[in-house]
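Here is a short briefing on a structure to be read alongside its sequence. The points are grouped by topic.

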Amino acid sequence: MLRAALREVSTALKEGQVSPTELCQRCLSLIKATKCLNAYITVTEDTALRQAEESEKRYRRGQSLGDLDGIPVAVKDNFSTTGIETTCASNMLKGYIPPYNATVVQKLLDQGAVLIGKTNLDEFAMGSGSTDGIFGPVRNPWSYSKQYREKCGQNSHLENEDSSWLITGGSSGGSAAAVSSFTCFAALGSDTGGSTRNPAAHCGVVGLKPTYGLVSRHGLIPLVNSMDVPGILTRCVDDAATVLGVLAGHDPKDSTTVQDPFNPFKLPSVIDVGKLCIGIPKEYHIPGLSSETLKVWSKAADLFENAGARVIEVSLPHTCYSIVCYHVLCAAEVASNMARFDGLEYGHRSNMDKSTESMYAATRREGFNDVVRGRILSGNYFLLKQNYEKYFIKAQKVRRLIANDFVNVFSSGVDVLLTPTTLRDAVPYVEFIKEDNRTRSAQDDIFTQAANMSGLPAASIPTALSEKGLPIGLQFVGRAFQELQLLTVAKWFEKQAKFPILQLQEMLDHADALSHQKISLSS
Amino acid sequence: MAAPVSGGGRLCRLAWRRRAGALHSGAQPAALGREPGKVAAAQSGVAPWRAVVGLEVHAQISSNSKIFSGSQVQFTAPPNSLVSFFDASLPGTLPVLNRRCVEAAVMTGLALSCSINKKSLFDRKHYFYADLPAGYQITQQRLPIAVNGNLSYTLCVGAKQSQMVTKNVRIKQIQLEQDSGKSLHNDARSQTFIDLNRAGVGLMEVVMEPDMCCGEEAAAAVRELQLILQTLGSSQAIMAEGQLRVDANVSVHHPGESYGVRTEVKNINSLRFLARAVDYEIQRQIEELENGGTILNETRAFDYKLGCTIPMRDKEGKQDYRFMPEPNLPPLILYDAKSLPANIDDQQVVNIDWIQERLPDLPSVKRVRLVEQYGILPEHSFTLLNEDGLMELFEDVVRETQMNPKKVIGWVISELLGHLKQYDLTVKESPVNSLSLADLLNLLERGVISSSAAKQVLEELWKGEGKTPLQIVKEKRLELIQNQRELDQICQAVMEGHQEEL
């Protein structure tokens, strides 16, 4: 049951095959069994069970609120949740309990969804590994999969595995791991430069970054306001469409959401890609791309071609400037957005009381990690009067060129772009931390951040397993506000790809055994 | 409210000259500017000085809620009782622009003959301060809502302040922005208390070009602006409540040379202090330069107790505000009749033409009308507008009496206003309303009482015992005696009683 897609479990709930409480309890015990993944910062067991109970009452009365009623979901810990600690995986917000719900959280709750926990991330979503938060790194569930174990020739038990476990990607690694390890049916991530799509690719789940302005950011603790979008992580494309239907639409509390009404859609079950034009951006064929991923990418292009679609090579000429430009704009907004964390109104406050200024300085030194402080420093440098033209303005101009690249491609008749999501499959943690956060982000966001710079919708779809038995995802980028078309193409592709399901039984049995052991020891 | 300008430099000259005595380190600054030009340039052999004064006026927008949040705006509320999550900068909150604030700024821009920008932008201005929770202020640095305007104001000059001189100051721009909270320092306990009630209240910053040259001009310009804002209702503009705050940029130079280094005197909250602060600062700079010193580009505060300006310690050093576009607010687009899209919801847009058509008569227009309609002196028209409610009272009285308005104005200004000033009352608080004043003036006009008796009646009315003028006249037997026989008898009696003198 837990491995089912949201839509299937929703049907099961409606038909009474399972009750919301039972479903919630099963998810909660699976969370406990997979605790070593470190996917959750806060497990909201009590409120989740209460919400499940409410949902159960509604089902009994025949007044279900819809497809999400009773469905356990997880939310990245940078979305504000009433009465539930929201930390951004930072000392700065440890213990911070917001008095309001982010609009997207409220919308999920209004549909009867059961909030099962807040998921782990890189501090303030700054990172591409989910390794740089105060609660420690998130472990990729595929580290413990039968598929990976077999390929690696490692059948050893959990306790000896500290050298081989893999990162999830980030920064929404906790949400990706939660969905992938079956502890919830959908999760919210955030996507500023690829933070939803990157971990989705590494964890073998669907990651959707909607068009900027389609989904409210109110209550999402910002990284880069002009690029942030709430992301959706699910086990299949249909589910992503279902969740999008709930989240999308104008929010009076977010002036950057578009006013046009959004009509929730169901994806067609019979899809013809024969009339489509799929663009393959040649600039995405770069030296760092693994040969495996390249192979998966071209096989996918062939799939479309064989189905009658027109597959053409296109050019996005400013691609190579994108990541540098992204870093300048990102740092500048980070410097600005982080200015509010001064220890006065909320969050961490240093004991330093020599002066207000020294309290600010100590609070921010103690509250932020090196990555956050580094971005604040460089961002403030870019915004100095003497540097503003040279860095910020220039980066904004380049951003416009990058956005125009996409406009030109789409106006030339391309419907959807097909690219890799990441350079390669997930690497072991010990490998990953050999490079610093900045270097990693530059490598890992390479294919994803351009969609944020241009505001376009993009989705990562799990495609195939690598030689190591790890997920490889491909990315589809669509026209602005054309999520229906984007997801329709993605759904067709998902069906062809037949991505295998994560086999985690061994790990679960092991966890089971461990807990039994504990019980027998204590009794 | 005081007359248009009080205090400081009454004899404002275009050029400032060296003063006879040096400044006594601020001990007697109040005397400054009273008589500039005691020592003529030719005599002292020193070139004259010219002062340049520009102003930045922050006017709190009169609106029910704050500019980017739904919290209420109220001057007297318990500390931190009007603070939304956004005002406290809780992470994840976003600004939502208040339409009323935009309309107030458009209205003000139109009243000051500005061009209204159909597209304006919001920016973040960064600095750390305890009463600025987000660490930045949302303002309009790059592209403000209104630019290139003009403000005419009038100075009373001459020995009896009876000559009127009209001057102009160019308005550089009007920008929308957020107010900060308030810090209350307790030095004894080295604590600072923060009240965020004011944080996020809408402000219009009106930037005036440096077209003024003394404190009196600055104060007169601000007074006119204040009247305009109050007429529009875009700001209550009560300086004592901090709804109108003035920063003055002051520099001095010799004519023909380039402008001198300027200082900024911040947060002046009364017209009297504005005039004094500017004149003090001009004189201080002249003396500093004449003594071989230099002027620092610095921020100063006016100490009203000492009557001088002093450097502000916490504003030392150059601030780099690291301006950046506010990414959470799309460009502010305004429409006019031509550009207004069809089928658009009126509630969703601000129409400049619509606001223009509904602008009330501005003070300058009202003054011209008063002078033309009633034949009163221009300076009287100023007095009528300067006192809240006085013009309405005057016009009510005129309507209710047969007396010539030219005579009525004397009663209203010398007698009624004189009384009010003496007891520090506003027109609204006056025990003598327009009706009873009109009754009284009618008695005078019909010859029932004499002018001196009328003044006696007014004295009685002032006690506020609710008697009508006629009742008082009867009680006190103040009627003029019309009967010949009665007059004869009185005269006879007087003469008989004073045989000796006769």
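A disulfide is a pair of cysteine sulfur atoms within 2.5 Å. The sulfur of A:Cys236 is 13 Å from the closest cysteine sulfur, in A:Cys184, so this pair is too far apart for a bond. The model is a predicted one. By the disulfide rule, the count over all chains is 0. By the salt-bridge rule, the count over all chains is 44.

**Cysteines**

- A:Cys236 counts as buried, at 16% relative accessibility.
- B:Cys213 is also buried. Its relative accessible area is 7%.

**Salt bridges in chain A**

- Side chains of opposite charge can pair when their charged atoms come close.
- A:Lys118 and A:Asp77 meet through their side chains in a salt bridge, at 3.0 Å from N to O.
- A:Lys118 lies in strand β3 of chain A, and A:Asp77 lies in the loop between β2 (72-76) and α4 (103-110) of chain A, so the pair ties together parts that are 41 residues apart in sequence.
- Both partners, A:Lys118 and A:Asp77, are buried.
- A second salt bridge joins A:Asp254 to A:Arg217, with the closest N and O atoms 3.6 Å apart.
- This pair also links distant parts of the chain, 37 residues apart. A:Asp254 sits in the loop between α8 (237-247) and β7 (277-281) of chain A. A:Arg217 sits in the loop between β5 (206-209) and β6 (229-234) of chain A.
- A:Asp254 is buried, at a relative accessible area of 1%. A:Arg217 is buried too, at 3%.
- A:Arg424 forms a salt bridge with A:Asp425, and their closest N and O atoms are 3.0 Å apart.

**A salt-bridge network in chain B**

- Salt bridges that share partners join B:Glu281, B:Arg284, B:Glu298 and B:Arg300 into one network.

- A:Leu115 belongs to strand β3 of chain A. At 4% relative accessibility, A:Leu115 counts as buried.
- A:Leu115 and A:Glu45 are 70 residues apart along the chain, yet their C-alpha atoms are separated by 8.8 Å.
- A:Phe135 is in the loop between β3 (114-119) and α5 (146-152) of chain A. A:Phe135 counts as partly exposed, at 28% relative accessibility.
- The C-alpha atoms of A:Phe135 and A:Leu121 are separated by 8.7 Å. These two residues are 14 residues apart along the chain.

**Strand pairing in chain B**

- In a regular strand the side chains alternate between the two faces of the sheet.
- An open sheet of chain B has 3 strands in the order β6-β5-β16, with antiparallel pairing.
- Its edge strands are β6 (136-139) and β16 (324-325) of chain B, each of which pairs on one side only.
- Strand β5 (residues 123-126) of chain B pairs with β6(B) in the antiparallel sense, over 4 bridges. Within this pairing, B:Asp123 has B:Thr139 in β6(B) as its bridge partner.
- Elsewhere in chain B, strand β9 (residues 182-186) and strand β10 (residues 191-195) run antiparallel and are joined by 5 bridges.
- B:His185 has B:Thr192 in β10(B) as its bridge partner.
- β9(B) and β10(B) form a hairpin, with 4 residues between the strands. In the turn, B:Ser190 has a positive phi of about 40°.

**The annotated domain of chain B**

- An unreviewed UniProt entry lists residues 392-502 of chain B as "domain: Asn/Gln amidotransferase".
- Over residues 392-502 of chain B, the chain is 67% helix and 0% strand. The end C-alpha atoms of this stretch are 53 Å apart.

**A nonpolar surface patch in chain B**

- Which residues form the nonpolar patch on the surface? They are B:Ile481, B:Leu487, B:Ile490 and B:Val494. Together they have about 290 Å² of accessible area.
- B:Ile481 lies in the loop between α12 (469-476) and α13 (484-497) of chain B.
- At 37% relative accessibility, B:Ile481 counts as partly exposed.

Technical notes
Residues numbered from 1 in each chain as written. Chains lettered and ligands numbered in written order. Predicted model: local features only at pLDDT ≥ 70, side-chain atom pairs only at ≥ 80, totals over all residues. Heavy atoms only, no water. Patch = residues over 30% accessible without salt bridge, like charges linked within 9 Å, V, L, I, M, F, W, Y side chains within 5 Å. Areas by Shrake-Rupley, 256 points an atom, 1.4 Å probe, with all protein chains shown as cover. Salt bridge = Lys/Arg side-chain N within 4 Å of Asp/Glu carboxyl O. Helix = DSSP H or I, 4+ residues; strand = E, 2+ residues; numbered from the N terminus. Buried < 20%, exposed > 50% of the residue type's maximum accessible area, 1.4 Å probe, protein only. Pairing = 2+ DSSP bridges. UniProt positions renumbered as here; feature names shortened; annotations may be inferred.
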